[in-house]
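Look at the structure below and find where the two chains meet. The paragraphs after it go through that region and then turn to a single residue.

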Number of protein chains: 2
Amino acid sequence: MQFQPLLHLFEVKGFFMSEMYIVEQSITFESGVRLDSGRILAPITLVYETYGKLNALKNNAILVEHAWTGDAHLAGKRNESETKLGWWDAIVGPGRLLDTDHYFVICANVIGSCFGSTGPASINPKTGKRFNLTFPVVTIRDMVRAQKLLIESLGIERLLTVMGGSMGGMQALEWATQYPDSISSAIILATTPRPSPQAISLNAVARWAIFNDPTWRKGEYKHNPKDGLALARGIGHITFLSDESMNAKFGRRFSARDGKFDFFGQFEVERYLNYNGYNFVDRFDANSFLYLAKALDLYDVAWGYESMAEAFNNVTAPLQFFAFSSDWLYPPYQTEEMVTCLTETGKSVEYHLITSAYGHDAFLLEHETFTPMVQKFLAQVSGTENA
Amino acid sequence: MQFQPLLHLFEVKGFFMSEMYIVEQSITFESGVRLDSGRILAPITLVYETYGKLNALKNNAILVEHAWTGDAHLAGKRNESETKLGWWDAIVGPGRLLDTDHYFVICANVIGSCFGSTGPASINPKTGKRFNLTFPVVTIRDMVRAQKLLIESLGIERLLTVMGGSMGGMQALEWATQYPDSISSAIILATTPRPSPQAISLNAVARWAIFNDPTWRKGEYKHNPKDGLALARGIGHITFLSDESMNAKFGRRFSARDGKFDFFGQFEVERYLNYNGYNFVDRFDANSFLYLAKALDLYDVAWGYESMAEAFNNVTAPLQFFAFSSDWLYPPYQTEEMVTCLTETGKSVEYHLITSAYGHDAFLLEHETFTPMVQKFLAQVSGTENA
């Protein structure tokens, strides 16, 4: 088992988080985990990054969970040549919402993904070849099982909070229900207790787009099946935006070079989906996309329980929920179902419905809408709020 | 120019509409039409069916407009072996909403389609080969241009009403704005003055699915590109249903033979999309699908005008609108924009928002929700209402 030093931030220019280089770390658990399916996945490697310092009491750790196509690179840069900051840089750093002067922030790439953690593109040690479709189906609960090993390896008994949106929110829910003693709170954004058949159907056609690509070859490709994966991602983008945000961003404008009466003429929104779809091919493995889509669709907080209420019975930590008015992928009513259930069983729960035009993506694009509430909630759970 | 007799219903069993055989008719206009694009499409053949008898005054004619993948076969059977009735049989026949004891009902397959009217699969008389992608881009307005020739050829100066849902509603809008003197009323269901970028984006990914299919060959296929077309249709089905109707119909159930941890395991909703997608391949031409998708996306009632208000300036006929609460493809607010605009300019307009869980398909599935209002409206416009 590899273990790497906790202190891994070294200041380069010295102004703020984004100007330091972050070291990507990696840890391997030889005994792996027993998955929900009953299969053993071993060994398991997790790639992760940390920000700030774990204090002596080890009670200032925050685990941030990434969404579908996210990675461990939460904030800052890993080297000078990186042009993009980490995916949630806006809220992580000194003086930011997850203030790295106070908190020790961790983000790990989930199993099933393709950014260093064990996934279908990893080499199966038993065969010396990529897993591809021999990789087992993993669930959100399995992802959290693996993360629990990481947190333990870091010597952390209890996380101050687990925070995530979308698939990240599902993981936070699993921490709250499966490891209630290991968290002091959870912050859960833009998620669902279980995707609706409409959400499933949109992932289903995305999967289908990849299956249709003859270069996918049932997962045994040398190069990503680009047309299928790009289309799958294009479909995803529709669900991340909203009717309103698409209207504001694209309206019914045509792509500059195309005319109305050109058979291949594109609307701006069409060009956007195309462009983003093909960009995605360079950065995400098609099989990982499929495995994670399946994990999303299978997700049900009440899996293995008689009911949602029974699943929530275990919860001890205060939970803070955010839903976004124009999110039609995981609409607010689905979060509200959980909030009602938790309230009825006497749990500590806080809920904010944010009015936003940005659809599902709002949790990434409009952090200022929830920053004050999260700040207050974190102060409360860390007991540092001014009395 | 072909011309066929108006009387074409012959009773077989003699009870009701559905037990008579309908004769599909066809008419060819050698001079064709000048399209919105400026191109001439000639000759044009229209396949159509009629039900009931045109009266001596020729003022009892109702034109019903079909939607995207519909056809001229509105009601009844065309022969004994047909197992399915026409697509809107529920409302057409003696004693039904469009009572064929009183009205002369016409339905024509639109140009661009593949059920006998001129479309991309037709033989281009200049080359002796299928048009395929040499077929010109046609608009909703072009479809109505062709229908105007048909109506004239039937000796009808003024239609009692034009009725249609979805793409059929767009055609009814075009009659109201482009041929105000040729209609006495219009009944417009589940449509939009212009599809939103969200609606466009869903058609865009459907198009993309066909473009990705290597057997499509830029339209030069011998056999329908089945995987691409099936997926495109699957995407369409998502937009025809609603979150609520999918929940009621499928929930999160798995397809019987598939397990949760099977990589290729399917949810019921996934199986449904697949099944309907592949069924569609046998009955609809992929190029027609693309041309009509484009016509839908391009549709804008205000095309060629300064504003919607200016487009509606021409309207003289009373218009009756229906929108369905769970229709997220062409949501009620889009119909309401037209109703508000018409009301503000002093036009005769009636609007009903129907509460329904069935999404966009509600106009086809729940005719009983609008039947009484349409009945009353028709009685008013035909001047037969009891005073």
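What follows covers the relation between the chains, their interface, and one threonine.

This is a predicted model. Chain A is superposed on chain B by a rotation of 180 degrees with 0.0 Å of shift along the axis, and the RMSD is 0.0 Å. The two copies are therefore related as by a two-fold rotation axis. In chain A, the residue that comes closest to this axis is A:Ala209, with its C-alpha at 3.4 Å. Both copies use the same surface, as 100% of the contact residues of chain A recur in chain B.

The size of an interface is often given as the accessible area lost when the parts come together. Between chain A and chain B this buried area is about 5200 Å², and carbon and sulfur atoms give 70% of it. A:Trp208, A:Arg252 and A:Phe263 supply 16% of the area that chain A buries against chain B, more than any other three residues.

There are two salt bridges between chain A and chain B. In a salt bridge of 3.0 Å, N to O, the side chain of A:Glu270 meets that of B:Arg207. Among the helices of chain A that each supply at least two residues to the side touching chain B are α3 (197-212) and α6 (268-281). The most comes from α3(A), with 12 residues. Sorted by class, this side of chain A has 33 nonpolar, 14 polar and 13 charged residues.

Now turn to A:Thr45, which lies in strand β6 (residues 44-51) of chain A. A:Thr45 counts as buried because its relative accessibility is 19%, and the cut-off is under 20%. Its side chain forms a polar contact of 2.8 Å with that of A:Thr28.

Note on methods:
Residues numbered from 1 in each chain as written. Chains lettered and ligands numbered in written order. Predicted model: local features only at pLDDT ≥ 70, side-chain atom pairs only at ≥ 80, totals over all residues. Heavy atoms only, no water. Helix = DSSP H or I, 4+ residues; strand = E, 2+ residues; numbered from the N terminus. Buried < 20%, exposed > 50% of the residue type's maximum accessible area, 1.4 Å probe, protein only. Polar contact = N/O pair within 3.5 Å; in protein donor to acceptor, adjacent residues only side chain to side chain. Least-squares fit on C-alpha atoms with pLDDT ≥ 70 in both. Contact = heavy atoms within 4.5 Å. Buried area = accessible area lost by both parts, 1.4 Å probe. Salt bridge = Lys/Arg side-chain N within 4 Å of Asp/Glu carboxyl O. Nonpolar A, V, L, I, M, F, W, Y, C, P; charged D, E, K, R; others polar.
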